[in-house]
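Thank you all for coming; I would like to walk you through one structure slowly, for anyone who is meeting it for the first time.

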Amino acid sequence: MKKLFTAVAFIILTLALIACSNQQSLDGDYYWISDITNELAFSINDGKGNLHIGESDGFTVDEKDGTFKLFGSQVVDHTARYTYKDGVLSVDVTGSKGEYYKKGTQAYKDALKKYGYKEKG
């Protein structure tokens with residue numbers, strides 16, 4: 001009976017560990033890819049973001065609330081909700097909501113192919 005209990009407990013803990021390790025990190029470079037552009041939009045590292053488009057200087061990420069807090073000398077501080085799934089981050093960082101592709105993901109590669117771009121080094 002002890003062996004059965006130990007085996008079941010081990011399986012449950014292993015599954016919990018696997019589930020926790022599958023959480024997707026937001027850290028990385030995000031590209032705006034469309035029929036008119038393929039450019040680096042922003043980068044995220046340890047909860048802080050640097051914008052390469054728009055008028056904000058940067059942002060902080062609150063993964064618990066699913067928000068970006070944008071700041072900068074040219075804009076009023078602004079909080080924007082985001083969603084992230086399978087390498088695509090949807091958020092309003094420029095005045096309208098857009099989809100941004102995380103470099104290195106399948107979604108990024110598919111968007112490049114769809115719009116006829118080659119991967120940037």
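This is a predicted model: local features need pLDDT of at least 70, side-chain atom pairs count only at pLDDT 80 or more; totals for chains, interfaces and linings use all residues.

**Strands, turns and a helix**

Let me begin with the strands β1 and β2, which pair in the antiparallel sense over 6 bridges, where two strands count as paired if DSSP finds at least two bridges between them, and where helices (H or I, at least four residues) and strands (E, at least two) are DSSP runs, numbered from the N terminus. Residues are numbered from 1 along each chain as its sequence is written, and side-chain values use heavy atoms, with hydrogens and water left out.

Within that pair, Asp29 has Ser43 of β2 as its bridge partner, and the two strands make a hairpin that has 4 residues between them.

Moving along, β2 is joined to β3 by 4 bridges, again in antiparallel fashion, and here Ile44 stands opposite Gly49 in β3. These two strands also form a hairpin, this time with 2 residues between them.

Strand β6, residues 78-85, is joined to β7, residues 88-92, by 4 bridges, and the two run antiparallel, with Tyr82 having Val91 in β7 as its bridge partner. In the loop between β6 and β7 we find Asp86, whose phi is positive, near 50°, in a residue other than glycine, and which counts as exposed at 51% relative accessibility.

Now for the whole arrangement: the 8 strands form a closed barrel that runs β1-β2-β3-β4-β5-β6-β7-β8, with antiparallel pairing. Neighbouring strands of this sheet are turned by 30° against each other on average, direction ignored.

Finally, helix α2, residues 106-115, packs on the sheet and touches β1, β2, β7 and β8, contact meaning heavy atoms within 4.5 Å. The direction of α2 makes about 25° with that of β1, where axes are lines fitted to C-alpha atoms, for helices over the stretch in contact, and angles run from 0 to 180 degrees between N-to-C directions.

Methods:
Buried means under 20% relative accessible area, exposed over 50%, partly exposed in between (1.4 Å probe, protein chains only).
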